[in-house]
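Have the structure open while you read.

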Protein chains: 2
Amino acid sequence: MGYWLCILAITLVSMAYVFYNYGAIRKMDEGTEDMKELSAIIRSGADTFLKTEFKYVIIVVIVLAIIFTLLVEVTSGITLMIGAAMSSFVCVLGMRSATFANVRTTNKAKETLSIGETVKVALCGGSISGLSVQAMGLMGLILILIIWNGVSAEATSKGLLTGLPCNPTITRITTYSLGCSIVAMFNRVAGGNYTKAADISADILGKIRHDLPEDDSRVPNTIADFIGDNVNDIAGNCSDLLESFVATIAATLMIAVTAYNNYGSTVTADTFKATIMFPLIMAGSGLLACLIGLFLANVRKMSDDPSRELNLATWFSAGITLVMCLIASLFVFKNVPLYETFKFGWISPWISSVLGIISGIAIGSITEYYTSTEFKPTRGLASIAHEGEAFVVTKGDAIGSRSCLAPVLVIGIALFVSGRLCGTYGIAVSALGMLSFVGATVSIDAFGPIADNAGGIAESCHLDEKVRAITDRLDAVGNTTAAIGKGFAIGSAAFATVSLIVAYVSNYTSAGSEPILNIASYVVIAGSIIGGAMVEYFSALLTDNTIDAAKLMADEGDRQLSEPGILEGTKKPDYNRMIEMAANTAIRKMLIPSVLALFIPVLGGFLFGVEFVGGMLIGATIVAIPRAIFMGNSGGAFDNAKKYIESGAIVGSEKGTPAHKAAVTGDTVGDTRKDVVGVALDIFIKTMSTVANSMATVFVHIRVFK
Amino acid sequence: MGYWLCILAITLVSMAYVFYNYGAIRKMDEGTEDMKELSAIIRSGADTFLKTEFKYVIIVVIVLAIIFTLLVEVTSGITLMIGAAMSSFVCVLGMRSATFANVRTTNKAKETLSIGETVKVALCGGSISGLSVQAMGLMGLILILIIWNGVSAEATSKGLLTGLPCNPTITRITTYSLGCSIVAMFNRVAGGNYTKAADISADILGKIRHDLPEDDSRVPNTIADFIGDNVNDIAGNCSDLLESFVATIAATLMIAVTAYNNYGSTVTADTFKATIMFPLIMAGSGLLACLIGLFLANVRKMSDDPSRELNLATWFSAGITLVMCLIASLFVFKNVPLYETFKFGWISPWISSVLGIISGIAIGSITEYYTSTEFKPTRGLASIAHEGEAFVVTKGDAIGSRSCLAPVLVIGIALFVSGRLCGTYGIAVSALGMLSFVGATVSIDAFGPIADNAGGIAESCHLDEKVRAITDRLDAVGNTTAAIGKGFAIGSAAFATVSLIVAYVSNYTSAGSEPILNIASYVVIAGSIIGGAMVEYFSALLTDNTIDAAKLMADEGDRQLSEPGILEGTKKPDYNRMIEMAANTAIRKMLIPSVLALFIPVLGGFLFGVEFVGGMLIGATIVAIPRAIFMGNSGGAFDNAKKYIESGAIVGSEKGTPAHKAAVTGDTVGDTRKDVVGVALDIFIKTMSTVANSMATVFVHIRVFK
């Protein structure tokens with residue numbers, strides 16, 4: 001109980017600091033009238049989007065909460081709603097703070113012409129998202145533990161209507177995680193559609209149907225694109241990582257319960273308590289570390305090297321986290337009997353967590369290698385562009401596929417080693433290691449779109465060249481740091497899902513027997529190949545949705561452009577109509593894929609049973625990991641190859657040449673891949689696994705084909 | 001012993017009929033001097049290719065044979081060589097007969113102007129490939145059974161150097177299958193590279209670098225493209241399906257052994273004999289049925305509806321097979337005690353085999369839906385072409401991904417049902433059901449490229465419009481029937497691999513315990529995600545190889561075109577140099593990916609053990625099945641969308657418009673996907689599984705990380 005209150009206190013202090021910063025940002029000056037107007041359009045567009053989306057989210061969450069309360073466990077509906085509420089709150093807060101911070105970042109650059117001061121504003125805006133992700137995610141969990149008195153290995157309870165027994169302490173945590181999942185799922189699917197439909201339709205109008213310069217303000221679709229950055233990169237990313245963070249803690253707790261139930265004889269109740277305590281202390285000390293790191297970044301004088309400053313904030317937080325976790329590992333595990341699977345005694349869990357962090361960095365670096373203009377793959381892609389569109393696309397496909405192996409080897413080897421060090425508990429702890437300083441990584445992630453928007457505002461409001469130079473510098477840094485962030489996102493999703501699957505198998509395995517999912521049995525193997533194909537189908541749905549929405553928006557843009565005065569620039573296009581249309585289309589198209597992710601494991605479970613669903617989860621994970629990497633990296637390589645060509649680095653392939661046109665085609669193909677499909681696949685498999693975990697005990701008892 | 005000799009006799013009669021047809025084809029007239037010259041170039045180019053390739057194949061096979069003899073089992077090197085020899089023989093025979101039959105098909109059309117007569121020649125040529133695939137594959141297996149006295153559940157033996165015990169009757173069959181695998185692997189990888197590098201380089205030269213009409217004979221790359229059709233579609237396809245056929249029988253026999261070892265108490269040795277006898281009788285009666293079906297097609301007068309004639313030949317063969325298998329099932333299983341897993345008694349295996357056939361047809365029909373110009377997906381793709389290249393590629397990606405779900409559902413449900421009907425034995429028998437009339441399906445498959453080449457010869461030799469009309473008709477029919485063939489190829493590969501994996505697990509499981517591969521253990525899950533990423537990496541290698549080879553060949557073509565007289569048409573380009581270059585490049589680039597497929601499971605096994613490899617196989621299979629479908633169907637949809645546009649069906653998007661240009665880009669992107677990567681993925685997973693099966697007992701004993 002004592003350490004719960006400690007952690008709760010840390011989350012409260014963090015949120016107090018978050019609100020202090022939020023107030024500080026709001027108080028800053030917004031700059032010229034032009035800047036105020038533009039930022040108001042972006043803010044209100046983003047608000048409208050979230051409001052419309054949350055109407056649907058609320059309905060889905062309430063329906064699910066009722067179902068869970070009736071069928072699974074009495075209190076699980078409430079915990080599900082708490083999860084959804086926490087995640088929604090963070091999204092709204094993060095997005096509002098980002099849309100306040102962007103224009104103030106521009107204005108700070110304009111007023112001070114100092115890189116350091118400008119970085120500070122953007123990072124302060126980003127830290128509101130980052131810290132609240134970790135603080136609110138953890139706060140909800142701790143509150144649940146305090147209200148219902150923690151995690152027990154033996155507790156049983158049942159739903160209001162059904163009499164199927166389950167462990168309520170586990171079910172509450174999985175449904176809390178599911179609540180976070182649902183918000184993240186809807187955000188990612190709708191946000192990706194919104195931002196890319198706007199982006200691609202602006203391209204179609206500008207480049208294919210009319211012959212207009214890029215980002216021309218006469219095309220109403222461009223402003224929707226602006227808003228999309230906040231919707232997908234802030235709200236989507238916040239809820240996604242919040243979900244990963246919560247799901248990983250949940251998986252660690254579930255595995256701790258199973259481990260205790262299965263090997264009860266060699267260990268004591270103290271061991272169980274220790275394995276429950278450790279992940280919570282890790283998460284709490286990570287939050288404290290991020291708070292310290294970001295506070296220091298906020299108060300000290302910043303140099304003019306933004307990259308150094310951002311890295312400093314991240315690695316400082318990570319370093320403090322590591323030291324605190326080492327102390328926690330000693331304190332928690334030193335004096336209790338340990339499982340045989342802990343190969344190096346009390347330090348084993350800590351080594352696993354370090355392994356997770358190293359894997360995250362490695363995956364990030366590999367991502368950078370394949371997608372940055374500094375290295376061979378992307379340069380090679382750019383240099384082949386003069387052979388035409390087909391070559392660019394095919395070569396980009398090859399880069400994407402090739403880039404899967406190294407990150408997956410890192411993940412696979414890390415899984416293997418942490419499994420050997422600490423059993424399956426070690427795998428979950430590795431994942432948590434990666435996510436323990438998620439507050440800092442999300443802060444840096446959120447820095448990117450704020451800087452990007454700041455630059456856009458500077459451009460649109462025709463500010464001085466010098467201001468633009470500063471925001472450009474920030475934007476470029478944001479792109480590089482994003483690679484590492486992506487590495488942590490993919491790596492942690494892979495680890496989290498594996499932990500969730502192991503937890504799932506453990507959840508339905510009766511106490512005392514080893515958790516086994518036999519993939520050499522026809523039930524599991526049938527489930528696994530179907531699960532794998534589901535990932536492809538889901539990708540297809542998202543891709544088609546984006547194309548359809550882009551066509552719709554391009555047609556609307558065309559209609560507006562054909563009105564007299566618009567093309568001549570004497571009359572402003574109807575931005576609001578376009579923004580509303582984009583939001584409505586995206587949200588309408590969000591429903592089917594999202595509900596699919598929730599519904600498919602449930603259907604599979606009721607039809608073919610608990611092992612079939614286990615197969616589905618495994619299959620979906622095995623396919624989704626390389627697919628997500630493929631989508632992200634091929635998209636990144638396309639994007640940067642175009643930028644490389646536009647920088648004039650390849651003689652004979654400058655802007656305006658057929659080679660440049662081919663590179664633009666590649667970039668547009670990559671847009672859907674990296675910003676719609678790639679980012680949604682992670683949350684797809686996590687949601688499937690979380691739903692399955694929440695229902696595991698039900699599948700065991702109710703099944704059509706016995 | 002008796003039924004072995006019966007089956008041997010059927011294979012011998014089939015081969016006698018094959019040689020009779022081969023002689024008959026050769027005796028036919030080749031037509032004009034032009035036709036003779038062109039067909040001679042194609043034939044000698046194809047011969048050169050195979051000769052160069054087989055030099056490498058022989059080395060790899062001999063090295064492997066020595067390794068297996070020393071390390072695994074004394075006789076396994078010999079059986080491996082027998083497998084490679086059988087497959088190579090069929091490739092040479094099939095390719096020679098196709099290169100004889102193509103020009104004679106053209107000439108028959110020219111002489112008779114009768115569709116029926118022309119179909120007969122092409123089908124007769126195709127049946128040489130088809131029947132020899134089934135006859136030679138089966139003959140080798142039966143010879144091994146006769147020489148070493150069948151399959152025993154208890155036999156043990158060991159390698160010359162090592163003392164690791166294994167069941168030699170199993171090892172001989174797996175290594176025989178491995179021999180077939182190696183040839184198929186090399187054929188698919190090198191053949192795909194050859195044909196598509198030629199095709200794409202011809203496109204680059206004609207469409208991007210110079211402005212020449214399609215298939216212009218001044219471009220030397222076009223003739224290599226001609227040869228490539230025979231290399232990939234005849235030799236590649238023959239060895240691929242021969243491998244599937246053999247691997248499926250092998251898997252059925254292995255599973256029969258395990259089933260007997262594990263449930264020995266409720267059944268007798270007669271049951272074991274029956275489960276060994278049934279797959280062999282199925283394969284033999286299927287061959288007999290195909291022989292009858294194709295003989296009748298050859299002797300009766302054909303109508304002028306080629307589609308009807310080809311379907312008749314296939315379904316007649318399938319029908320006889322089904323009836324004979326039903327009788328076999330009754331005869332074999334009626335009077336022996338059965339396993340409990342046989343839910344409907346003696347008829348259960350037969351129902352499983354029917355399920356396999358139905359799945360094959362269903363997958364074929366789904367393939368046709370997604371790729372034919374008759375249906376919505378491909379038409380939709382064509383109608384979006386005016387929005388530009390990026391839209392075409394993205395939409396094609398979506399069609400490919402979307403098309404994965406239905407076939408995989410069919411496979412998954414069929415696996416589930418046959419597993420419930422007959423246990424894992426049922427899964428293997430389902431696969432064998434699909435492949436039991438492989439002689440007929442391969443004959444129809446081979447009809448396609450023969451008709452295609454015949455059309456090309458008619459065009460190049462400027463024959464009469466009427467002749468061209470007939471060959472065009474045949475070509476169109478070949479494309480449609482190919483869809484069903486593809487369905488069987490993909491479906492059977494999936495079933496065969498699943499059977500092989502189950503057999504693999506059974507192979508290392510000690511007698512009496514249930515074969516379990518626990519994917520909830522960290523070792524297996526680490527292996528499975530790495531196996532999945534291997535598939536992506538393999539795809540990337542093949543794609544890159546094709547692009548690189550195409551660039552190389554385009555540069556050579558450019559060099560030749562720059563010589564005085566070539567572009568003017570007064571001097572012929574150096575076809576031979578181009579053909580040789582294509583062959584050498586393709587074969588050089590074949591080595592790394594092929595050796596990878598052989599080496600990776602071995603490395604994984606020695607490092608991380610037998611279960612890690614099991615995980616790798618599962619992971620590779622789960623990823624490869626949807627990827628292969630994606631590659632084939634997106635490629636097919638691109639190809640046919642282009643054809644649809646060229647047919648003038650979409651007003652405003654005719655040949656020469658930007659929409660057509662975008663569709664051509666899609667087609668080129670699809671070329672590598674469908675003809676290089678897609679067809680190679682099946683054989684990739686089968687080869688990995690076969691190698692692993694041959695080495696399973698070794699991995700159990702030798703392992704670095706214990």
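1. Let's start with charges: ten salt bridges cross the interface of chain A and chain B. A salt bridge here is a side-chain nitrogen of Lys or Arg within 4 Å of a carboxyl oxygen of Asp or Glu. To see a salt bridge up close, look at B:Arg627 and A:Glu536, with N to O at 2.9 Å.

2. A word on the ground rules. This is a predicted model, where local features need pLDDT of at least 70 and side-chain atom pairs count only at pLDDT 80 or more, while totals for chains, interfaces and linings use all residues. Residues are numbered from 1 along each chain as its sequence is written, chains are lettered from A in the order in which they are written, and side-chain values use heavy atoms, leaving out hydrogens and water.

3. How much area do chain A and chain B bury between them? About 6900 Å², with 72% of it on carbon and sulfur atoms; buried area is the accessible area (1.4 Å probe) that two parts lose on being put together, summed over both. A:Phe416, A:Tyr522 and A:Ile529 supply 11% of what chain A buries against chain B, more than any other three residues.

4. As for who takes part, the contact (heavy atoms within 4.5 Å) draws 77 residues from chain A and 77 residues from chain B.

5. Finally, have a look at B:Leu280. Leaving aside residues up to four places away in sequence, B:Leu280 touches B:Tyr3, B:Trp4, B:Ile7, B:Leu141, B:Ile142, B:Leu145 and B:Ile249.
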